[in-house]
Amino acid sequence: MYLSYWGLHRFPFNNVADPSFFYLSDIHKEALSRLLYASKMMKGGAMLTGDIGCGKTLISRVYMKRLYQDGFEVSLLTNPPTKPVELLQEILLQMNIKELPSSKTKLLQILNGKIIANRQQHRETVIILDEVQILNEKTFEEARLLLNLQSNDRFLLTVVLIGQTELKERIKKMRQFDQRIAIRYHLYPFTLTDTNKYIMFRERKAGFQRNVFSRKAVEKIYDYSRGVPRVINSLCDLCLLIGYYNKSKIIDSGIVKSVLDELD
């Protein structure tokens, strides 16, 4: 709707996990670096947590893309099944194994064989479980048992847990699992400075030749969103739509206020 008015070739503030729109703030850079370190050094377990809308899913997509580039075998489960057998089946499906038994023992044998075959081809194996906080205790335990796949001197795979803030407390209550999480990081919302840089970054990616959000507009967006990227995206998208309707040249604090008034 507003693309031609603003001279854009794509929507800058869509709330989808598009790696091309990944803004490498200090916190996101640290999170990505830790995950890559965990997988490349075969540390076993890693965990990324954060509040809703802070960018965990987008980081997981960028992380997975880097792993593919380095030749890793990657299984990504965005909403892991809540039954242990189904969890193992889904992991193997992601590895393009189609003939799957219903026996947990046989599934583990197949998974172990696949991991060993990967190693023989100089490929490491990474399993990424997103939205892990939804898992029940039995499936949580199954995820922990994946880390029992070890040789004498190293883990045979890396298991990455991604979830909301409450995941940290769940892991703490499981001492054996907690001790296997070698690398962990918690994503916090943006600061005001990063919010401004984030908006400008996405503008440029979409085709803006200039920053159309005024300083006061960004401050209002930050005050309402508290630096949560998903909320920032929603507000900025609506602001551009209202600016288009009003034939505005910039997004000022008045436009932001009109958007916020509609949301209250």
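**Figure 1. Overview of the predicted chain.** Of the 264 residues in the chain, 48% count as buried; buried means under 20% relative accessible area, exposed over 50%, and partly exposed in between, with a 1.4 Å probe and protein chains only. The model is predicted: local features need pLDDT of at least 70, side-chain atom pairs count only at pLDDT 80 or more, and totals for chains, interfaces and linings use all residues. Residues are numbered from 1 along each chain as its sequence is written, and side-chain values use heavy atoms, with hydrogens and water left out. The chain holds twelve helices and five strands. These are DSSP runs numbered from the N terminus: helices are H or I with at least four residues, strands are E with at least two. The C-alpha trace spans about 65 × 35 × 30 Å along its principal axes. Take the contacts between residues at least 6 apart in sequence: 74% of them join residues at least 24 apart. Contact means heavy atoms within 4.5 Å.

**Figure 2. Surface and charges of the chain.** The accessible surface is about 13,000 Å², and carbon and sulfur atoms hold 49% of that. Areas come from the Shrake-Rupley method with a 1.4 Å probe; for residues, only the protein chains shown count as cover. The chain has 39 positive and 28 negative charges, and their mean positions are 3 Å apart. Lys and Arg count as positive, Asp and Glu as negative; His and the chain ends are not counted. Each charge is placed at NZ of Lys, CZ of Arg, CG of Asp or CD of Glu.

**Figure 3. The largest pocket.** Its space comes to about 370 Å³. A pocket is an open set of points on a 1 Å grid over the protein atoms alone, where a 1.4 Å probe fits, with protein on both sides within 12 Å along at least five of seven lines; lining residues have an atom within 4 Å of a point. The volume is the space filled by probe spheres set on the points, which are joined across faces, edges and corners. The lining has 23 residues, and G53, G55, K56, L58 and R230 are the closest to the pocket centre. Helices α3 (56–69), α9 (192–206) and α11 (229–245) are the elements that give two or more residues to this lining. The largest share, four residues, comes from α3.

**Figure 4. T158 in strand β4.** T158 belongs to β4, residues 157–163. T158 counts as buried because its relative accessibility is 0%. Beyond four places in sequence, T158 touches A38, S39, M42, G44, T125, V126 and I127.

Figure 5. A206 is found in α9, and T195 lies in α9. A206 is buried, at 0% relative accessibility. L3 is 203 residues from A206 in sequence, yet their C-alpha atoms are 9.3 Å apart. Neighbours within four places aside, A206 contacts L8, H9, R10, F11, P12 and F21. T195 is likewise buried at 0% relative accessibility. Leaving out neighbours within four places, T195 contacts F190, V218, Y222, G227 and I232.

**Figure 6. Loop residues with positive phi.** Most residues other than glycine have a negative phi. H122 has a positive phi of about 60°. H122 sits in the loop between α5 (104–120) and β3 (125–129) and is exposed, with a relative accessible area of 73%. R226 has a positive phi near 55°. R226 lies in the loop between α10 (215–225) and α11.
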